[in-house]
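Have a look at the fold first, then read on.

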Amino acid sequence: MTAFVYIAAALAEIAGCFGFWAWLRLGRSVLWLAPAIASLCLFAYLLTLVEAEQAGRAFAAYGGVYIVASLAWLWLVEGARPDRWDVAGGAICLVGAAVILWGPRTG
């Protein structure tokens, strides 16, 4: 469930941020902001569904998923294929996210 929530949150955050990008950088209509804001609200809600004791730990682990999802967006939406350094960096981030979220806790 956690992986699904993180992936959905990443898509919602990236789509919301892209709405602002499209408006400010691509000259699209201000109407792009309405779905962008709704998408960012959905993103925030989804992160509350993650099974974690502390919000900061859930957010930190989400960062790795966000990075990989951003690289997927780069490729699938913007048409720029990630290079080997993008892929290596994304893999490192996912390992880091897993350690943060599922590492054994003491005390």
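A word on angles before we start: helix axes are lines fitted to C-alpha atoms over the stretch in contact, and the angle between two of them runs from 0 to 180 degrees, taken between N-to-C directions. Keep in mind that this is a predicted model. With that in hand, H3 and helix H4 (residues 84-102) pack at about 160°, their axes 8 Å apart. Angles over 145 degrees count as roughly antiparallel, so H3 is roughly antiparallel to H4.

**Overall layout**
- The protein has four helices and zero strands, and reading along the sequence gives the pattern α-α-α-α.
- Along the principal axes, the C-alpha atoms fill a box of roughly 50 × 35 × 20 Å.

**H3 against H4**
- These two helices, H3 and H4, cross in a left-handed way.
- On the H3 side, the contact is made by Arg57, Ala60, Ala61, Gly64, Val65, Ile67, Val68, Leu71 and Leu74.
- H4 brings Asp86, Gly90, Cys93, Leu94, Ala97, Ile100 and Leu101 to that contact.
- Sorted by class, the contact of H3 with H4 has 12 nonpolar, two polar and two charged residues.

**H1 against H3**
- The axes of H1 and H3 come within 9 Å and cross at roughly 60°, so this pair is oblique.
- H1 passes H3 in a right-handed crossing.
- From H1, the contact takes in Tyr6, Ile7, Ala9, Ala10, Glu13, Ile14, Ala15 and Phe18.
- H3 answers with Ala58, Ala61, Tyr62, Val65, Tyr66, Ala69, Ser70 and Trp73.

**The largest pocket**
- The largest pocket holds about 160 Å³ of space.
- Its lining is made of Ile7, Ala10, Leu11, Val65, Val68, Ala69, Ala72, Trp73, Leu76, Val77 and Leu94.
- Helix H1 (2-25) and helix H3 (55-76) are the elements that give two or more residues to this lining.
- H3 supplies the largest share of the lining, with six residues.
- What classes do the residues of the lining fall into? They divide into 11 nonpolar, no polar and no charged.

Technical notes: Residues are numbered from 1 along each chain as its sequence is written. This is a predicted model: local features need pLDDT of at least 70, side-chain atom pairs count only at pLDDT 80 or more; totals for chains, interfaces and linings use all residues. Side-chain values use heavy atoms; hydrogens and water are left out. On a 1 Å grid over the protein atoms alone, a cavity is a set of points where a 1.4 Å probe fits but cannot get out, and a pocket is an open set with protein on both sides within 12 Å along at least five of seven lines; lining residues have an atom within 4 Å of a point. Grid points are joined across faces, edges and corners, and a volume is the space filled by probe spheres set on the points. Ala, Val, Leu, Ile, Met, Phe, Trp, Tyr, Cys and Pro count as nonpolar, Asp, Glu, Lys and Arg as charged, and the others, Gly among them, as polar. Angles under 35 degrees count as roughly parallel, over 145 as roughly antiparallel, 65 to 115 as roughly perpendicular and the rest as oblique. A crossing is left-handed if the near helix is turned anticlockwise from the far one by less than a right angle, and right-handed if clockwise. Contact means heavy atoms within 4.5 Å.
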